[in-house]
Amino acid sequence: MKTSCFAEIAATCFLLASQVMAQERGASNPYPLIIQFLGKHRAFSATLVTAVQSEDGMLMEGGQAKYIYLDGKVRMEAAFSEQWMALFAISSPDTNAIQRAGLDSMIEICLPDQKEHFAVFPDAKAYCNLPLTDEIHPPRAGDLKIERVADGSEVVDGYRCLRSKVTILEKKSVTGAGTVEEKVEATLWEAQDLNGFPIKIRARMETPFGVFISTEVFSHVKISEPERSLFTPPAGFKAYRSMEEFSDAVQRTMAAGEKRSETFWKAVEKGDVAQLEFLSKQFPELLQALRSDGQTPLHVASRAGRNTAVQWLI
C-alpha cells in the first residue's frame with residue numbers, strides 16, 4: 001500500500017506520544033500509584049490496565065501493558081498501534097504504516113539505581129535513551145504518609161479483596177519546583193489470595209488542569225522473580241541517543257518507503273516486469289501490498305491491460 005503523508009504524520013504523532021510519556025509528569029512515570037502499596041512484594045509480573053477520565057467521564061488516557069517489576073526496576077511492554085493511534089483517530093491503513101515502520105510496540109525499561117531509562121522498539125530493532133527526571137523513581141518509604149480505613153470486602157477478577165479508603169501524602173521532587181507534597185484520596189483493593197497484593201486502585205486527583213479519576217488494575221498476577229536480563233536493552237539493537245534522533249531515523253525510513261511504493265505501483269501500471277522483478281527481490285512484501293484504493297497488484301495490472309505483468313504476478 002502506498003504510504004500517505006497522513007500516515008507519516010501519524011508516525012510523528014506516535015513518536016510525540018512516546019516522548020510525552022517520557023517527559024510529561026504523571027503520564028510518563030513507570031511507577032503507577034498502585035505500586036505504593038506493594039509492601040513485601042518485591043518481584044512480580046502482571047497485566048496493567050490504566051484509565052484516566054475527566055470528572056464528566058471523558059477518557060483522557062488509557063491503555064494496557066505487561067508490567068514486570070523487580071526491586072524497583074520496571075519493564076513495561078505495550079502495543080501502541082491500536083491504543084495510541086485511536087487517540088489520534090488514525091485509520092486502519094495508516095496504522096499498518098506504523099507497523100511497517102517498526103513502531104507497533106514499545107518496551108519501556110526504567111533502572112533508577114543505574115539512572116538509566118530506555119524505550120525499546122522490538123520491530124525496529126532499536127532503542128533510545130529517555131530522560132530520567134527526578135519524578136521517575138519508585139516511591140521511597142520516607143516520602144510517603146498513608147492513612148487507611150477499612151471499607152469492607154469485595155471480589156475483583158475472581159480474587160477475594162479487602163477494600164480500604166486511603167489518603168496518600170507523598171513528598172516529590174519536581175524539576176523546577178523543588179520538593180512538593182501531593183495528596184491523593186483513593187480506594188484500594190488488596191487480594192487476600194495473593195498475600196495482600198494490591199490489584200486495583202481508583203483515585204480522585206485534583207490538578208491545576210481539573211479533576212481526574214484514575215483507575216489502575218493488575219490482572220494475571222504472578223508473584224515470582226523475573227529474569228534480570230529483561231531489564232537490559234537487547235544485544236544487537238541499534239542505540240539512539242534520544243527519542244528525537246530515533247524519530248529522525250524513522251522519518252527517513254518512511255520517506256524511502258514512500259518513494260519505493262510509488263515506484264512499485266508505477267511499474268505495475270506500466271507493466272514493467274523488469275522493474276517488478278528488481279523491486280520484488282529486494283522487497284518481497286510489495287507483492288502483498290494494497291494500493292490506497294484497496295486494489296492488489298494483480299487487480300491494477302489487469303485493469304490496465306498489462307497482460308505480461310498479469311502473467312508474471314499470477
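**Strand β3 and its partners**

Modeller: Strand β2 (residues 59–70) and β3 pair in the antiparallel sense, over 5 bridges. Two strands pair if DSSP finds at least two bridges between them. Strands here are DSSP runs of E, at least two residues long, and are numbered from the N terminus. This is a predicted model: local features need pLDDT of at least 70, side-chain atom pairs count only at pLDDT 80 or more, and totals for chains, interfaces and linings use all residues. Residues are numbered from 1 along each chain as its sequence is written, and side-chain values use heavy atoms, with hydrogens and water left out.

Now the details. Tyr 67 has Met 76 in β3 as its bridge partner. The hairpin of β2 and β3 has 2 residues between the strands. There, Asp 71 takes a positive phi near 50°.

β3 also pairs with strand β4 (residues 105–111). These two run antiparallel and are joined by 6 bridges. Val 74 stands opposite Cys 110 in β4.

How enclosed is β3 (residues 73–79)? Of its 7 residues, 5 are buried, so the strand is largely enclosed by the rest of the structure. Buried means under 20% relative accessible area, with a 1.4 Å probe and protein chains only.

Back to Tyr 67. Ring pairs link Tyr 67 into a cluster with Phe 44, Tyr 69, Phe 197 and Phe 218. Rings of Phe, Tyr and Trp (its six-membered ring) pair if their centres lie within 6.5 Å. By this rule the count comes to 10 aromatic pairs.

Conventions:
Buried means under 20% relative accessible area, exposed over 50%, partly exposed in between (1.4 Å probe, protein chains only). Helices (H or I, at least four residues) and strands (E, at least two) are DSSP runs, numbered from the N terminus. Rings of Phe, Tyr and Trp (its six-membered ring) pair if their centres lie within 6.5 Å; planes under 30 degrees apart count as stacked, over 60 as edge-to-face and the rest as tilted.
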